[in-house]
Amino acid sequence: MSAKILISDVTKIYPGQGRPLVALDRVSLQVPEGEFVCVVGPSGCGKSTLLRILAGLVPCSSGSVAIAGGRRGKPLHSLVFQEYAIFPWKTVLQNVAFGLQMRGVARPQREATAREWIGRVGLGDFTDAYPRQLSGGMRQRVGIARAFANDPEVLLMDEPLGALDAQTRLILMDELLRLWETDRKTVVYVTHDIEEAILLGDRVVLMTARPGRLKAEFAVPFARPRGIEVMGDPAFAGLSYQIWEALRDEAIAAMGTRA
Amino acid sequence: MSDPRRDRMLALGAPAFLVGLWEVAIRTGVLDARFFPPPSLVVLTFWRLLADGTLAAHTAASVTRVLAGFAIGAAAGLAAGLAMGTIRSLRVALEPTISALYVIPKVAILPLVMLIFGLGEASKIAIIAIATFFIVVINTTAAVVGVEPLYIEAGRAFGARRLQMFAHIILPGALPAIFTGMRLALGTALIVIIAAEFVAAKDGIGYFIWFAWNTLRPEEMFAGFIVIGALGMLSYEAVRRIGHRVMPWLEDDRPRGGREDHG
């Protein structure tokens, strides 16, 4: 299978005052079409920076990223942010249709697509509500629907469940798996939560503390379609521990440099 | 514990009590009736002036000036503020000058404005426009600059181009703070027009109050105060309602006792 996403030797240096800050140090990663990759690392390891480089929001200092396109008129990527990045002045419908609107998709068509995704994330009764009327979990469903409705080549998710409480997270992880099954897009998913990464991903990539490098990767053995029940599998706990073993030193190192 | 009926009784009862106290204080000679006409006389005078059309004519003159000046000043301030907020070099070039001019009380330059625009309506409209402009331009610039960067990033991530970014993200994101500026400006416009009419008009509520002083009729002065108070309340309510229309996504900001203070 050819690579859908090709990250080659990406380095990111922030000039800053005094010492320049190396956020990413020669990171290379290939993601085949249809793979769900989770990037795990300690706080401040540059995993979000990597995602922003992929999304074209931040330029890299050296190296290159490429996303294979192909379908005419479709965007290369859509980004799911942490909780508060949906627009408070737009209704749920307008938020979900936003990407399509920016690409000039006609109103009836974009609203039909948006309604479909709003239904899939279970917000059908809130189509014309504003974000302030929604709970945190519902808002993030809007953010997820906005990315899916845009029908990109790859989905990029930056700790999308990071701001939610533990129970809402579990519910949304299950929903995310179900949504992803519909067309199995290529996903790069950044998180600091190991169990979230194992539950969702085909592969878990571990990053070091700053400067961010790729440290190790782990294949996730659980079959698709998958649900929250795999968390009860002894192999889940085993893999979780194995990843934590590799991550622990980095997390401690990150605490040291940040203090 | 809040009981809405008790709250309403307190809110209406307290001012009624104060007015009663005022009346009693004059009748018993504690307050000097030459400066503080009894409320009963003020109300009678107010009705008389309302019935013979005096107050209506003066109010219309003041309101016309405020609306004309506010429209000009707010439109110019909005356009300049949006431009300065969006274009960094423009902001860097103009912000110090505008901030410096902003702190000059607008009433202070009234003589200069009269020198330039003459004694007619133009000078009154101009001074209102100037006062409005500075408040709106400063608040609009700050509003645009203050739009949450995350929303701008989300716009870029979904491919918004320059004009789309402005229409879908910058403008709606800045609107609440822009409206705060408008509300402030309208309040200031009311102050400025009264001051301008004290010295430079032959009609208007400001002139009416000044004339009442000159002719030693304090009860007419107080009738003028009632009109100004009503105008202030009406304009505040009007801006609030328009804001609610234009920004339906916001929580209603109707002030409620003990929760928020809208100065």
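Two strands are taken to pair if DSSP finds at least two bridges between them. In this predicted model, strand 6 (residues 154-158) and strand 7 (residues 186-191) of chain A pair in the parallel sense, over five bridges. Leu156(A) has Val188(A), in strand 7 of chain A, as its bridge partner.

Both strands belong to an open sheet of six strands in chain A, with the order 5-6-7-3-8-9 and mixed pairing. Strand 5 and strand 9 (214-219) of chain A are the edge strands, each of which pairs on one side only. From one strand to the next, the twist averages 20 degrees. Helix 1 (residues 47-54) of chain A packs on the sheet and touches strands 3, 5, 6, 7 and 8 of that chain. The direction of helix 1 makes about 150 degrees with that of strand 7 of chain A.

Between the chains, 18 residues of chain A are in contact with 13 residues of chain B. On the chain A side, strand 5 (77-80) and helix 3 (98-102) are the elements that give two or more residues. The largest share, three residues, comes from helix 3 of chain A. By type, the residues on this side of chain A comprise 13 nonpolar, three polar and two charged.

In chain B, the buried residues of helix 7 (residues 149-157) are Tyr151(B), Ala154(B), Gly155(B) and Ala157(B). These residues lie on the same side of helix 7 of chain B because they cover an arc of only 165 degrees around the axis. They pack against strand 5 of chain A together with helix 8 (162-200) of chain B. Gly159(B), with a positive phi near 80 degrees, follows helix 7 of chain B.

Terms used: Residues are numbered from 1 along each chain as its sequence is written. Chains are lettered from A and ligands numbered from 1 in the order in which they are written. This is a predicted model: local features need pLDDT of at least 70, side-chain atom pairs count only at pLDDT 80 or more; totals for chains, interfaces and linings use all residues. Two residues are in contact if their C-beta atoms, placed from the backbone, lie within 7 Å. Helices (H or I, at least four residues) and strands (E, at least two) are DSSP runs, numbered from the N terminus. Ala, Val, Leu, Ile, Met, Phe, Trp, Tyr, Cys and Pro count as nonpolar, Asp, Glu, Lys and Arg as charged, and the others, Gly among them, as polar. A residue is buried if 20 or more other C-beta atoms lie within 10 Å of its own, exposed if 12 or fewer, and partly exposed in between; C-beta atoms are placed from the backbone. The arc is that of the directions from the helix axis to the C-beta atoms. Axes are lines fitted to C-alpha atoms, for helices over the stretch in contact, and angles run from 0 to 180 degrees between N-to-C directions.
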